[in-house]
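Welcome to a short tour. Open the model in your viewer, keep the selection tool handy, and follow the stops below.

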Amino acid sequence: MLENDVKFILSAIGDEPKRVLEVGCGDGRILVPLAQAGHDVTGFDVNKEDLDGILSKAEKLKNIRWHRADAVHDDWGSGFDVVVLAGNILFNIEGIKSAEAYKQAQELFIQKAASALVPDGYIYIDYFPFAPNGRTLLRSGQSCTDESRIYGPWEYTNNDCSVETHTITSGSFDEETGILRFRRFIERRMPDGETIMEESERIKHYATLEHLHKWLCITGFVIELEYEGFDESPITENSNSVVVYARKK
């Protein structure tokens, strides 16, 4: 059964075959169904272990290719009809060490998508950031510091059959800069029974809907579809998620 985001993307793209690029394609959860629907798809990801999971799903498909690349530093290619920024990727950019660099990377993704697209090509974005202290995409919240509050757990099964459980703290949020600092805890249970614990400090930039609209506008995109979620519910003052499908002029 296709997941809701995959159904939405397929509906937005339409039935006519397109050249599609997925940034951060992981193990092909979205990339493979797009190929199965007849689109010519390319995906890349920085994580080789995730990419290794595509092969078994993509057997007999001739219209799919994937490679390892860093979305921030490497070229995305060109000539695509659609660029897919799914899986909340704008809030999950890896390897960013400073607050200012994170915001710049988010805008860079929009710019790189524009460069990769043909005229009248489309960008797809889903964005549902962790909202500190009740903040929404449309309304400012308050600066806060709260390392005691825990969010999660979220559980994932890896291609090597290990199981990861992720939790995060509220951390500290600076209203003026939009920078969220928090701690992530990962418990990885290996198939042989070994348990590995990891703890790390993370930085993210909380982009508002105004940020997204500005970045899309100055890069030459016109929004054609915008919803709170994959069920096409409208944006409200309490929304903390958005799904966007925009055309490059």
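Select C161 to begin: C161 counts as exposed because its relative accessibility is 55%, where exposed means over 50%, buried under 20% and partly exposed in between (1.4 Å probe, protein chains only). Next, pick C217, which counts as exposed at 53%. This is a predicted model in which local features need pLDDT of at least 70 and side-chain atom pairs count only at pLDDT 80 or more, while totals for chains, interfaces and linings use all residues. Residues are numbered from 1 along each chain as its sequence is written, and side-chain values use heavy atoms, leaving out hydrogens and water.

Now look for disulfides (cysteine sulfur pairs within 2.5 Å): the structure holds 0. C161 is in none, and its nearest cysteine sulfur, that of C25, is 20 Å away.

Move on to helix α1, residues 4–13; helices here are DSSP runs of H or I, at least four residues, and strands are runs of E, at least two, numbered from the N terminus. Since 7 of its 10 residues are buried, α1 is largely enclosed by the rest of the structure. Color D5, V6, F8, I9, L10, A12 and I13 to see the buried ones. Their cover includes α2 (31–36) and β10 (221–227). Just after α1, G14 has a positive phi of about 90°.

Finally, select W76 and L85, which touch the most other members of the largest nonpolar core, a set of 43 residues. Such a core joins buried Ala, Val, Leu, Ile, Met, Phe, Trp, Tyr and Cys residues through side-chain atoms within 4.5 Å. Helix α4 gives the most to this core, 7 residues.

Terms used
Contact means heavy atoms within 4.5 Å.
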